[in-house]
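Here are a few friendly notes to read alongside the structure. Take them one at a time, and find each residue on the screen as you go.

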Amino acid sequence: MGFITRICEDRQGLYGEAKGIASQIAACPPLVVQGAKEVILYTRENGVNAGLHYVAQKSAASIPSEDLKEAMSAFMEKRTPVFKGK
């Protein structure tokens, strides 16, 4: 299923990889990270089909967010977005 994407030599290497992944996640819009976590937990409890319907609803609800507008503006202006969780 692709859950193992990296092998680390030691604990220090593992912590370095984990911090790198955490930094990538922290750079994402807070609403998206929260939504992804909710979808994962919902799918785990209710199955893939129900999870797909749930993610469609979550995605539709996030369209009017300020963070989405910021992401699109930052992309067009070729700058790093500043997300506010709104």
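**Notes on the side chains**

1. Let's begin with tyrosine 42, which is partly exposed, its relative accessible area being 30%. Keep in mind throughout that you are looking at a predicted model.

2. How many aromatic pairs does a search of the whole structure find? The search turns up 1. Its members are tyrosine 42 and tyrosine 54: the ring centres are 4.2 Å apart and the planes are at 15 degrees, so the pair is stacked. Angles under 30 degrees count as stacked, which is the cut-off used here. Tyrosine 42 belongs to helix 2 (residues 30-46) and tyrosine 54 to helix 3, so the pair ties together parts that lie 12 residues apart in sequence.

3. Now turn to the charged side chains, where the count of salt bridges is 4. One of them joins glutamate 70 and arginine 79, with 2.6 Å from N to O. Another links arginine 79 with glutamate 77, again with an N to O distance of 2.6 Å.

4. Is glutamate 70 buried or exposed? Glutamate 70 has a relative accessible area of 18%, and buried means under 20%, so it counts as buried. Glutamate 77, at 52%, is exposed, because the cut-off for exposed is over 50%. Arginine 79 has 34% relative accessibility and is therefore partly exposed.

5. A further salt bridge connects arginine 44 and glutamate 45, whose closest N and O atoms are 3.7 Å apart. Both arginine 44 and glutamate 45 are exposed.

6. Please also look at aspartate 67, which sits in helix 4 (residues 66-77). This aspartate is buried but has no salt bridge. Which side chain of opposite charge is nearest to aspartate 67? That is lysine 84, 7.6 Å away, whereas a salt bridge needs the atoms within 4 Å. Leaving aside residues up to four places away in sequence, aspartate 67 touches Pro29, Pro30, Leu31, Phe83, Lys84, Gly85 and Lys86.

7. Finally, a word on confidence. The protein chain has a mean pLDDT of 87, and 97% of its residues reach 70 or more.

Key. Residues numbered from 1 in each chain as written. Predicted model: local features only at pLDDT ≥ 70, side-chain atom pairs only at ≥ 80, totals over all residues. Heavy atoms only, no water. Buried < 20%, exposed > 50% of the residue type's maximum accessible area, 1.4 Å probe, protein only. Helix = DSSP H or I, 4+ residues; strand = E, 2+ residues; numbered from the N terminus. Lys, Arg positive; Asp, Glu negative; His and termini not counted. Contact = heavy atoms within 4.5 Å. pLDDT = per-residue confidence, 0-100. Phe/Tyr/Trp six-rings, centres within 6.5 Å; stacked < 30°, edge-to-face > 60°.
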